Structure formats: structure tokens, C-alpha cells
Amino acid sequence: MDIHFLGTGSAYPGSERDNTSICFSNDGYHVLVDVSGNPCRKLKQFQVELVELDAVVFTHFHIDHIYGLPSLLWGMWLEDRRKPLKIYCDHRNEKKLQEWLSTMEAHQWPIAFSIDVETFDGDRDMELLSGGGMTFSCFKALHSVPTAGLEVRCDDRITVYSGDTEINARIGEYAHIDMLIHEATSARRVAGNHSSLVEIMEKYDVERIGKIVLVHLSDQEPYEEEVEKLVTSKVIIGEDLMTQKV
Ligand SMILES: [Zn+2]
Ligand SMILES: [Zn+2]
């Protein structure tokens with residue numbers, strides 16, 4: 001499985017990164033988790049065709065995770081997409097999503113593909129979708145609004161994406177995680193609703209985790225300084241346009 005990082009930035013406006021958005025790809029099946037920045041350009045840079053993208057999953061409805069959707073749909077229409085697009089969101093955000101689609105008048109564009117909204121309950125552990133040998137499930141993240149973390153299973157390997165969250169005991173329950181993609185809005189500072197790199201290293205059993213990729217990063221935070229202090233080399237500071245294989 002290839003994990004393409006379209007953006008790795010936090011909600012704070014930054015000059016180095018687009019907001020966090022990640023595409024999981026395997027066997028020609030592509031799932032985009034959150035939509036920020038210029039999604040069409042970024043997907044093309046990863047050779048993911050707009051007509052091929054299978055699903056979008058929204059972890060939550062904070063602006064930094066959703067604002068790229070109009071641009072994505074507009075690009076799909078211009079490229080004459082025919083394949084239905086599934087959009088997954090928490091049931092508590094369905095009305096907002098439908099209102100937003102109607103505000104952008106998506107249903108009036110002469111698009112030749114259907115937009116199918118599927119809802120889930122982000123407070124529970126539940127399977128969302130399967131495709132290309134990947135199975136996506138959600139679990140409750142600890143944030144200021146309903147937010148899902150995601151588990152992606154592929155080829156007997158487990159990838160976990162924290163979503164926007166405080167340190168989450170649910171993540172600590174895994175006996176093994178091959179790759180943990182975790183938000184680190186700050187390097188050291190402890191702030192409600194989010195996590196820091198120092199907390200991640202202190203509060204999870206890092207021995208049980210193969211690699212840790214930090215995302216949702218803020219400019220001017222001393223991530224590199226903190227990573228240099230670590231005895232382990234399993235921590236990767238996320239960068240826009242990088243791809244990791246799991
Ligand atoms: Zn965010
Ligand atoms: Zn958020």
C-alpha cells in the first residue's frame with residue numbers, strides 16, 4: 001500500500017505545508033482522507049487520476065480538513081468523470097455536507113457521476129469500506145468536535161491514522177501497529193484537543209509501533225530538535241508530497 005501525503009500541516013496558517021490530507025492507494029484503488037489545499041494538483045503529482053479516485057473520507061468537519069472538496073469535485077467534472085464517488089462522513093455532519101453540496105450547486109453541474117454520501121458513527125469502532133485489498137475502519141478520536149481516527153488493514157499490516165486528537169488510549173490498545181500516522185500540532189507544548197511529539201513518545205508504547213509519521217504540523221515548532229533527542233529512528237516528520245509504503 002502506498003500512502004501519499006498531499007498535505008501535512010496543522011490548522012494554523014503556515015508557509016511550509018498544506019493542511020493535512022492523505023491518499024491511501026493499493027491495487028489501483030484510492031481513498032482520500034480529508035481534502036485540503038489544491039487536491040487535484042496534488043493527486044496528479046502522485047499519478048492518482050481524478051477519474052479513478054474511489055472514495056473520500058472526512059475525519060471531521062473542521063475547515064482545514066474539508067475546504068478542498070469544491071475544487072476536487074470541480075476538477076472531476078472538468079475531466080468528465082463517470083464513476084460514482086463515495087463520500088464518507090460522520091452522520092452528525094451529513095446535513096452540513098448536503099447543504100454545502102447544494103450551496104456549490106454541484107447537483108446542477110452537468111456532471112456525469114453520482115456523489116454518494118455514506119455515513120458512519122465516529123463514536124464507535126466500525127468498518128467503513130473495503131477496496132483494493134484495503135479495509136478502513138473508524139474509532140473515536142478525542143477532539144473538540146466529532147472526529148474519527150482510522151485503521152487501515154492491508155496485506156496483514158495495520159496502519160492507524162489518529163485524526164485530530166489528544167493522546168488516545170484507544171490507539172494504545174493495539175498489540176502492534178506497522179505505521180502510526182499521528183497528529184503533532186506542537187512539538188512539546190501540551191494543548192487541549194491536539195497532541196505534541198513529546199506526548200506521543202511518552203504516552204504510547206513505542207516498542208509496539210513500527211514507524212511513526214507525524215502530520216498536522218505547525219511552522220516554527222522544534223520537531224527536528226525533539227527527534228534528534230530520541231534514541232529511536234522510527235519517527236518521520238511528515239512532508240508534503242512524500243509517499244510511504246506499508
Ligand atoms: Zn486539523
Ligand atoms: Zn480539527
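User: What makes E8 and strand E9 count as paired, and in which sense do they pair?

Analyst: This is a predicted model, in which local features need pLDDT of at least 70, side-chain atom pairs count only at pLDDT 80 or more, and totals for chains, interfaces and linings use all residues. Residues are numbered from 1 along each chain as its sequence is written, and chains are lettered from A and ligands numbered from 1 in the order in which they are written. Two strands pair if DSSP finds at least two bridges between them. E8 and E9 (residues 148–154) have 7 bridges, in the antiparallel sense, so they pair. Strands (E, at least two residues) and helices (H or I, at least four) are DSSP runs, numbered from the N terminus. Within this pair, Thr-135 stands opposite Arg-153 in E9.

User: How do you know that E10 and E11 pair, and in which direction do they run?

Analyst: Strand E10 (residues 157–161) is joined to strand E11 (residues 177–183) by 3 bridges. The definition asks for at least two, so this is a pair. The two strands run parallel, and Thr-159 stands opposite Met-179 in E11.

User: In what order do the 7 strands of the open sheet lie?

Analyst: The order is E7-E8-E9-E10-E11-E12-E13, with mixed pairing.

User: Why is one side of strand E7 and of strand E13 left without a neighbour in the sheet?

Analyst: E7 (126–131) and E13 (235–237) stand at the edges, each with a single partner strand, so one side of each has no neighbour in the sheet. E7 is joined to E8 (residues 134–140) by 5 bridges, and these two run antiparallel. In their hairpin, with 2 residues between the strands, Gly-132 takes a positive phi near 60°.

User: Why is Leu-85 called buried?

Analyst: A residue is buried if 20 or more other C-beta atoms, placed from the backbone, lie within 10 Å of its own, exposed if 12 or fewer, and partly exposed in between. Leu-85 has 21 within 10 Å, so it is buried. Leu-85 is found in strand E5.

User: Which residues is Leu-85 in contact with, leaving aside neighbours within four places in sequence?

Analyst: Contact requires C-beta atoms, placed from the backbone, within 7 Å. For Leu-85 the list is Leu-53, Val-56, Met-76, Phe-113 and Ile-115.

User: Which residues of helix H3 are buried?

Analyst: In H3 (residues 69–78) they are Leu-69, Leu-72, Leu-73, Gly-75 and Met-76. They cover an arc of only 160° around the axis, which puts them on the same side of H3; the arc is that of the directions from the helix axis to the C-beta atoms.

Definitions and conventions: Two residues are in contact if their C-beta atoms, placed from the backbone, lie within 7 Å.
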